[in-house]
Each structure stands twice: as structure tokens, then as C-alpha cells.
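This report describes the arrangement of a protein chain for a reader who is new to structural description. Please examine the sequence and the model below before reading on.

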Amino acid sequence: MKSGFLDKLVSRLDRVEPGEIQQIVTRLIREKGFLEKVFEALQEGVIIVDAEGLIGFVNRAACGFFGIDGTKATGTPLSAHIRGLDWETLGKPGQTTSRDLEVFYPENRFLNFYVAPVDGDDSALGHVLLIRDVTSTRAETAATIESERLNALTLLAAGVAHEIGNPLNSVDIHLQLLGRKFRKLPPGERKPLEEHLATARAEIQRLDGILKQFLHAVRPTIPRREPCDLHDLMRDTVRLLTPELTARHISVELNLEKSLPKTAVDPDQFQQVFYNLIRNASQAFPGDGGRIAISSQTNDYEITFTIEDNGTGISPELMGSLFEPYHTTKSSGSGLGLLIVRRIIREHGGDISIESRQEEGTRVVIHLPHATRPVRMLPAPENIIEVER
């Protein structure tokens with residue numbers, strides 16, 4: 001990259017003493033080394049390109065963001081190392097740009113670019129790219145938005161409970177009174193009216209169930225923890241669902257860790273977690289027949305439960321909205337099951353992850369931290385010699 005200062009120096013070499021030239025060159029080398037050390041110490045990425053988009057300098061942080069070799073990258077086009085970056089648009093002379101970019105190699109990150117021109121006396125010498133990793137910031141923003149959404153749902157739930165719950169109870173009471181009146185009618189007139197009455201009461205009960213599910217999903221609760229054997233909870237849940245699974249010829253394979261310490265959880269809530277996830281897996285098969293594999297593992301830090309099926313899988317379009325309320329692929333579903341499951345797991349300090357491929361199946365993993373983590377002795381360094389006394 002050409003320098004306006006160097007151009008001026010070259011044009012005046014005939015008027016500069018040899019000793020002064022040596023001092024100027026020494027100072028330039030010293031300043032260049034100092035600036036490179038400063039750039040290397042930054043956590044933000046720094047890339048300097050010339051007017052043609054060729055890399056002149058890239059610091060260590062930028063190399064880590066894009067998985068490139070700084071030495072080999074020098075002198076090569078920037079677009080060859082950062083895919084999806086339209087340098088012809090970003091590198092226009094005199095234009096300053098700020099833009100976000102998602103990269104997938106070597107890690108999935110969200111990066112913010114700030115592109116600023118470096119102007120010389122007569123023309124643009126190149127551009128400086130400052131790159132910040134905003135992955136954690138985006139995650140915090142998403143968590144804040146989710147928290148605000150749940151708070152809004154909680155307020156809405158209070159209004160729904162008041163505006164719908166009480167009228168539903170009143171209608172149900174009046175339908176019961178009508179039912180008593182119908183019993184006094186002759187059988188021929190009573191039968192069709194009782195069928196309409198049964199339909200109305202069934203719909204009221206269905207609405208009441210949806211209302212209770214909604215309130216249970218968004219209402220904050222405190223888990224009543226007690227030492228529990230999670231394997232026993234899992235076996236009890238499978239036993240509870242066995243008649244339904246057997247009727248549909250769905251097999252369940254249990255591959256549980258041999259020894260699992262008791263964990264402080266709310267047994268009712270965690271049985272609800274296992275029930276919802278296993279039932280979701282059983283509903284992933286379009287017809288009869290299928291396989292659900294359930295396994296557990298433990299280490300010094302956490303307990304994991306994996307529930308995997310070989311059903312139809314989940315489309316990529318639906319993966320992003322799995323935990324949003326009222327997003328469901330079932331004709332009779334409320335879309336609150338996974339929202340409740342994740343809330344319970346997070347209230348116990350854990351988390352849930354879901355992987356799925358269409359026509360191959362879905363894999364759900366529950367991560368639950370140990371309440372107490374054992375102390376581990378680190379091995380002594382090799383250069384330390386123990387001496388017996």
C-alpha cells in the first residue's frame with residue numbers, strides 16, 4: 001500500500017541529508033512494529049486492504065474469525081477469504097459502511113463490520129475494516145426479547161383468565177341446569193337435545209383445558225425440589241405411555257447409565273417433561289410402527305437425557321419457532337408443550353437442544369447440571385518433584 005508520506009519523501013530525497021534518511025527509516029520501522037503489536041493485542045479484528053481490495057495487513061483476531069493464515073492472506077483479494085462479502089459495494093471510495101455478517105467457519109459467529117476509507121492527498125489509498133464479534137450480544141438480545149414476550153404473555157394470561165374463565169364457568173353451570181330440565185322431557189324429545197348439550201359441554205371443557213394449559217405455560221412457578229432418581233421417573237413415564245405406544249406398535253429402547261446419583265428436582269414437573277417429549281416423539285410417526293431410543297449419561301458436571309426417534313423429522317422452516325407459543329404441527333395441539341418443557345428445565349438450571357432432519361428423525365437432549373460438583377485434584381506439573389520426609 002502506497003503512502004503519501006513516502007511519496008513526498010522520495011520526491012525530496014535530493015534535499016535530505018543521508019543521516020536524516022537513516023533516522024526517518026528507523027523511525028518508520030519502529031512505529032510500524034509498535035502499531036502491529038497494538039493491532040495484534042486487540043480483540044477486534046483489523047484488516048487493511050488497498051484500493052484494489054488486496055489484503056495488506058490482517059491481525060490475529062481477524063484470522064481467528066475467518067480461519068485464515070495472515071501470512072498467506074497478504075496480497076490476496078479479501079473476497080477470497082470472506083465469502084458473501086460484496087467488496088465492490090462496500091469498498092466504494094469515500095464510503096463508510098457498518099454491516100452485520102454471519103459466518104459459519106471455523107465457528108458460527110455473528111460479526112459486525114465497520115469499513116472506513118483511508119484517503120490520501122489525491123485519491124483513496126484503501127480501506128480499514130474493524131470487525132467485532134457480536135454473537136453474545138445477539139444472544140443476550142434474544143434472551144431479553146424472549147423474557148419480554150413471556151412477561152407480555154403473563155399479563156395477557158391474567159386478562160384471559162378473568163375475561164374468559166368466569167363466563168365459561170357460568171355457561172357450564174347453566175348447561176347443567178338445562179340438562180336437569182331435559183330429563184323431565186319425553187325420551188323422544190330429550191335425545192336430540194341431550195346430544196347438542198353434550199357437544200356444548202365438551203367444547204366448554206376443551207376451552208377450559210386450553211386456558212389452563214396457557215396459564216400453566218406462562219405462570220412463573222418455583223420447583224419443589226427433592227432428591228429423586230431420574231431413571232425411576234423415566235421408567236414410570238414410559239410405563240404410563242406403554243398402552244398407547246403398544247397399540248401403535250412403537251418400540252422404546254432404554255439405554256440408561258448404570259449408576260446415576262439422586263438429583264434435586266421437582267418430580268411432578270420432570271415427569272411432565274419426560275411425558276411431553278416421549279409423547280411428541282410417538283406422534284412423529286405418520287402411521288403405526290416406529291422406534292424411540294432413550295439414553296442417559298453423566299459426568300462431573302451434568303446429566304444428559306437423549307430422546308431420539310426415527311420419525312418424519314421437523315422441517316427447517318419450523319425449527320426456528322419450536323418454542324414459540326401456539327406454533328404446532330399437530331391438528332389438535334396447543335403449541336404450548338415445548339414452551340412448558342423448556343421453562344421447567346431452565347428453572348432447574350438446565351437447557352434443552354433439538355436436532356432434526358426430515359425423513360430421518362429428531363433428537364432431543366436435556367442438559368441438567370449437578371447440584372454439587374465433585375472436587376477434582378489436578379495432576380502435579382512434571383517439573384515439580386515431591387520429596388518424602
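At roughly what angle do the axes of helix 9 and helix 11 cross? The axes of helix 9 and helix 11 (residues 337–347) cross at roughly 140° and come within 10 Å. Axes are lines fitted to C-alpha atoms, for helices over the stretch in contact, and angles run from 0 to 180 degrees between N-to-C directions.

**Basis of the description**

This is a predicted model, in which local features need pLDDT of at least 70 and side-chain atom pairs count only at pLDDT 80 or more, while totals for chains, interfaces and linings use all residues. Residues are numbered from 1 along each chain as its sequence is written, and side-chain values use heavy atoms, with hydrogens and water left out.

**The chain as a whole**

The protein chain has 11 helices and 12 strands; helices (H or I, at least four residues) and strands (E, at least two) are DSSP runs, numbered from the N terminus. Of the 389 residues in the chain, 32% are buried. Buried means under 20% relative accessible area, exposed means over 50%, and partly exposed lies in between (1.4 Å probe, protein chains only). Among contacts (heavy atoms within 4.5 Å) with a separation of 6 or more, 60% join residues 24 or more positions apart.

**Two helix pairs**

Helix 9 takes part in both pairs in the table.

| Helix pair | Axis angle | Axis distance |
|---|---|---|
| Helix 8 (residues 230–247) and helix 9 (residues 267–282) | about 40° | 9 Å |
| Helix 9 and helix 11 (residues 337–347) | roughly 140° | within 10 Å |

The angle makes helix 8 oblique to helix 9. Angles under 35 degrees count as roughly parallel, over 145 as roughly antiparallel, 65 to 115 as roughly perpendicular and the rest as oblique. Helix 8 passes helix 9 in a right-handed crossing. A crossing is left-handed if the near helix is turned anticlockwise from the far one by less than a right angle, and right-handed if clockwise. The contact of helix 8 with helix 9 has 12 nonpolar, 3 polar and 3 charged residues. Here Ala, Val, Leu, Ile, Met, Phe, Trp, Tyr, Cys and Pro count as nonpolar, Asp, Glu, Lys and Arg as charged, and the others, Gly among them, as polar.

Helix 9 and helix 11 are likewise oblique to each other, but helix 9 passes helix 11 in a left-handed crossing. Their contact comprises 8 nonpolar, 5 polar and 1 charged residue. In helix 9, the residues that meet helix 11 include F270, V273 and L277. F270 is also among the residues of helix 9 that meet helix 8.

Helix 11 is mostly covered, with 8 of its 11 residues buried; among them are L338, R342 and R343. G349, which follows helix 11, has a positive phi near 85°.

**Two individual residues**

Is H231 buried or exposed? H231, in helix 8, is buried, with a relative accessible area of 4%. Its side chain is joined to that of S296 by a polar contact of 2.8 Å, that is, a pair of N or O atoms within 3.5 Å; within protein, one must be able to donate a hydrogen and the other to accept it, and residues adjacent in sequence count only if both atoms are side-chain atoms. Leaving aside neighbours within four places in sequence, H231 also touches L256, E257, L260 and F305.

T96 lies in the loop between helix 5 (87–90) and strand 3 (97–103). T96 is partly exposed, with a relative accessible area of 44%. T96 and Y114 are 18 residues apart in sequence, and their C-alpha atoms are 7.5 Å apart in space. Not counting residues up to four places away in sequence, T96 touches Y114, V115, A116 and P117.
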